[in-house]
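Here is a guided walk through a structure, meant to be read with the model open beside you.

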Amino acid sequence: MNRRLLKERLSMFALYGLTAGGGLILAVILITVFTKGAPALSVSFLFEASRNFGLEGGIFYQTLGTLILMAGAALVCLPVALGSVLFQTEFLHSPQLKKIFRLLIYSLNAVPTIIFGLIGYLFFGVFLEAGVSWVTGVLILAVMILPTLHVSIHEAVETIPKHYREAGLALGLSPGQQMRAVILPQSLHGIVTGTLLGLARAAGETAAIMFTATAFSGVDLPQSWTDPVTTLQTHILVLAQEAANPEALTNAWGAGLVLLAIVFILITATLWIRSGLEMEAER
Amino acid sequence: MIQHSMFHEKGPVFWWTGLAGVMAAGTIVILFASLVIESVPVFKAEGISFLWGVDWFAGENYGALPMIFGSLAVTGLAVVMVLPFALASAILTSEFLSGRARLMVKAAMELLAGVPGIIYGLMGISLLTIWVRDVFGLIDGNTLFTAGLLLAVMILPTIMTLSEDALSSVPGELRDTALSLGLTRMETVTKVVVPQALPGLAGAVFLGIGRAMGETIAVMLVIGGIDRLPQPWFNLFAPGQSIPSKIGREAAEALGFDVQWSALIALGLVLFVMVMTLTFAGNVLLRKAR
């Protein structure tokens, strides 16, 4: 065998080997979550309140808390994200301003989530006097997922064919009418996928809410604006720190599996919608 | 003419979108300004030596160096460990897989990039720390190395998929030319595609490092939580602390306005500056690649 061929074979072997290694690690992680989490799952685990500091009972209120925070964040974020995209695409005409706007949004996307927690607490917890509460959590997460929604919606609005807009303009539509009749319906997929991705991001976030929105025990549903919630993420966090206790660990894995399922369902839905669109485009 | 009149017709739609736009774009400015303003008290108390002080005793003195070192060590370690795997799988996916298989891999990576940090943290605390302890014969498995290893696994999907984008954006004609000159497929990759995609690959790595540096929860659970420089400094099998893990551990007890809170915000400011520099560099490189 000549040396070039040998080198080719060897490097291909290394390529496959390393890729298999990486893939294997990721597969092991998923399998671990499923095998460790599955034994904890049962109807009562899903629908009962936790007892004895999470060692017994279920994760009903934790799941509700996660859902409340993520849904609230998406609800608060959506009008702002939509508005900022429309402002950028419909009212900003200078390329420089557009560029700066884009840069600011992209920078926001890179901010470590713990910083959203710190400054978010200062603004919503202290200045708005919401304290450590679900409202503070919702607002912090809404800011955190803003770039996710913005980028997704922006992409959809930017790819609307030019003649759709021109048709609207030719009919003499005002900017408001143009948005309602042309832009919103044509970018609906971006709004949906962006919101789903934002929900997934909010559901997976722990650092930004652990000291701003949640309490560990003695909490079920918030009764007022300033009540803390309990969430799957922080529930796992507290149980994980008692890793020496097998009961705590089993319940942590169970909660982890539920959390992972929520996130995966949201991302899969996004991918599914997107691939459907691609197929439509190919037709 | 039409655009001109659109801009001047300031209906409710203009005000709603304008307000939203200002909120969206202004958030990052407010964030940065708050970090600067709120970290003033600790810089007044400690001076600029806050940045290289090595002791942190809440209520007495505040030095950030162990946390800055911890962040750099953990992130550097993660990047070194993840690069071979991420690049190999990116090259394989972009250059050797069929279109359909490529899309499947990309979808899987997108899914994996969404796995919450707390899941990795749980994995780290219940399995990885024990594993590291036994394999390396340590007393305690909560070390900088453990945190770096966990981070490496966490950022694998992100770096892989961004690198893959950079590789597959290299025009196909270059590959055809190289192959027609008699280069093997692997030679085409190493001598033509990778050099062409280098700025994009570097950009992908920078963005990945930025992401890794800000990761809080998983690192916090396995890093050991000791605010000390390891002795000697290159001993990464010692417990340490990163900036996000320090903030995560202390924020709840410091919530408020005293110097400890300000010191945590100042740590946040240091983190912010480091991450933004990386992200900015990454984006410049990515734009250059296009």
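Let's start with Ile209(A), which counts as buried because 32 other C-beta atoms lie within 10 Å. For this label, C-beta atoms are placed from the backbone, and a residue is buried if 20 or more others lie within 10 Å of its own, exposed if 12 or fewer, and partly exposed in between. Before going on, please keep in mind that this is a predicted model, in which local features need pLDDT of at least 70, side-chain atom pairs count only at pLDDT 80 or more, and totals for chains, interfaces and linings use all residues. Residues are numbered from 1 along each chain as its sequence is written, while chains are lettered from A and ligands numbered from 1 in the order in which they are written.

Ile209(A) sits in the loop between helix H9 (188-204) and helix H10 (232-240) of chain A. Helices (H or I, at least four residues) and strands (E, at least two) are DSSP runs, numbered from the N terminus. Which residues does Ile209(A) touch, leaving aside those up to four places away in sequence? They are Leu69(A), Gly117(A), Gly137(A), Ile140(A), Leu141(A), Thr214(A) and Thr231(A). Contact here means that the C-beta atoms, placed from the backbone, lie within 7 Å. Leu69(A) is 140 residues from Ile209(A) in sequence, yet their C-alpha atoms are 9.4 Å apart.

Now look at Gly72(A), in helix H3 (residues 60-91) of chain A. Gly72(A) is partly exposed, because 19 other C-beta atoms lie within 10 Å. From Gly72(A) to Leu171(A) there are 99 residues in sequence and 38 Å in space, C-alpha to C-alpha.

Next, turn to chain B, which has twelve helices and two strands. In sequence order, its pattern is α-α-α-β-β-α-α-α-α-α-α-α-α-α. Its C-alpha trace spans about 70 × 70 × 30 Å along the principal axes, and 52% of its 290 residues are buried.

Finally, see how the chains meet: 68 residues of chain B are in contact with 73 residues of chain A. On the chain B side, helix H2 (residues 12-38) gives the largest share, 17 residues. That side divides into 45 nonpolar, 20 polar and three charged residues. In this scheme Ala, Val, Leu, Ile, Met, Phe, Trp, Tyr, Cys and Pro are nonpolar, Asp, Glu, Lys and Arg are charged, and the others, Gly among them, are polar.

Notes:
Two residues are in contact if their C-beta atoms, placed from the backbone, lie within 7 Å.
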